[in-house]
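I opened this one to see what sits inside and what holds on to what. My notes follow in the order I looked things up.

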Amino acid sequence: MRVYVPLTLPGLAEAHKTGELGTGPFVAYAVTPALREWYLSDDIEELEYAALNRAALASLRLLAADPGAARRRVVVAVDVPDGAAAADPDRGLDPAALGEVRVTGTVALARAASVHVDSDDAEEDVTAAAGALAAADGGDDDAQFVVDGAEDHELLWYATQEIPSLVGLDG
């Protein structure tokens, strides 16, 4: 099963250093039955894109909690055994939990298929979105508009071999 793990650049640097994305249980995002129902599509690529975007929003939440992290959302796509990730049935109807899964066990970074990171030109909008997140969660429409502005930026695809340069270890 392909899961999308939300991180920050410091989190990616730590994963690179330890060789692990997490030791479980930790939250990731995947194509779940609730996500399929919400997205109303049978196209697996569209559904995986929706799961990636859910993980990008979770990465934004991590950025809001870590003001020292570079203002770039990070998502790692990784394949885990089917039994290693499961949706929480108690959160299945919660719109905030669409696509959310709990990954159990240790997940090696070597299992990652790709890394998705904001470009430098997204930093201003991502910074503003991280700052507006709490107000948006509280129902402020103007703040939600700011958060949505970060979503207008597509995450760039990187091969796992590019992680050292993404985290500043390229020389």
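Predicted model: local features only at pLDDT ≥ 70, side-chain atom pairs only at ≥ 80, totals over all residues.

**Ground rules.** I call it a polar contact when a pair of N or O atoms is within 3.5 Å; within protein, one must be able to donate a hydrogen and the other to accept it, and residues adjacent in sequence count only if both atoms are side-chain atoms. Residues are numbered from 1 along each chain as its sequence is written, and side-chain values use heavy atoms, with hydrogens and water left out.

**Entry 1, R73.** I started with R73, in the loop between α3 and β4. Helices (H or I, at least four residues) and strands (E, at least two) are DSSP runs, numbered from the N terminus. Is R73 buried or exposed? R73 is buried, at 3% relative accessible area; buried means under 20%, exposed over 50%, and partly exposed in between (1.4 Å probe, protein chains only). What does its side chain hold on to? I found a polar contact of 2.7 Å between the side chains of R73 and D118. A polar atom of the R73 side chain also lies 3.0 Å from the backbone oxygen of A150. I then listed contacts (heavy atoms within 4.5 Å). Not counting residues up to four places away in sequence, R73 touches a set that includes L60, L63, H116, V126 and L155.

Next I went to H116, in strand β8 (residues 112-117). H116 is buried too, with a relative accessible area of 10%. Its side chain makes a polar contact with the side chain of S114, at 2.9 Å. Beyond four places in sequence, H116 touches L52, R73 and W157, among others.

L63 lies in α3 and counts as buried at 0% relative accessibility. Setting aside neighbours within four places, its contacts include T8, A69, R73 and V126. How do α3 and α4 cross? Their axes come within 9 Å and cross at roughly 95 degrees; axes are lines fitted to C-alpha atoms, for helices over the stretch in contact, and angles run from 0 to 180 degrees between N-to-C directions. The two helices are therefore roughly perpendicular, a label for 65 to 115 degrees. At the meeting point, L57, L60, R61, L63 and A64 of α3 face V126, A129, A130, L133 and D137 of α4.

The buried residues of α5 (141-151) are A143, V147, G149 and A150. Their arc, taken from the directions from the helix axis to the C-beta atoms, is only 145 degrees, which puts them on the same side of α5. D141, D142 and F145 are exposed on the other side. The cover over the buried residues includes α3 (44-65) and α4 (123-137). At the start of α5, a side-chain oxygen of D140 reaches to within 2.8 Å of the backbone nitrogen of D142.

A nonpolar core here is a set of buried Ala, Val, Leu, Ile, Met, Phe, Trp, Tyr and Cys residues joined through side-chain atoms within 4.5 Å. The largest has 27 residues, and V3, L12, L21, V103 and V115 have the most contacts inside it. Elements supplying at least two residues each include β1, α1, β4 and β8. A second, separate core of 14 residues includes L63, A69, A129 and A132.

How values were computed. Parallel < 35°, antiparallel > 145°, perpendicular 65-115°, else oblique.
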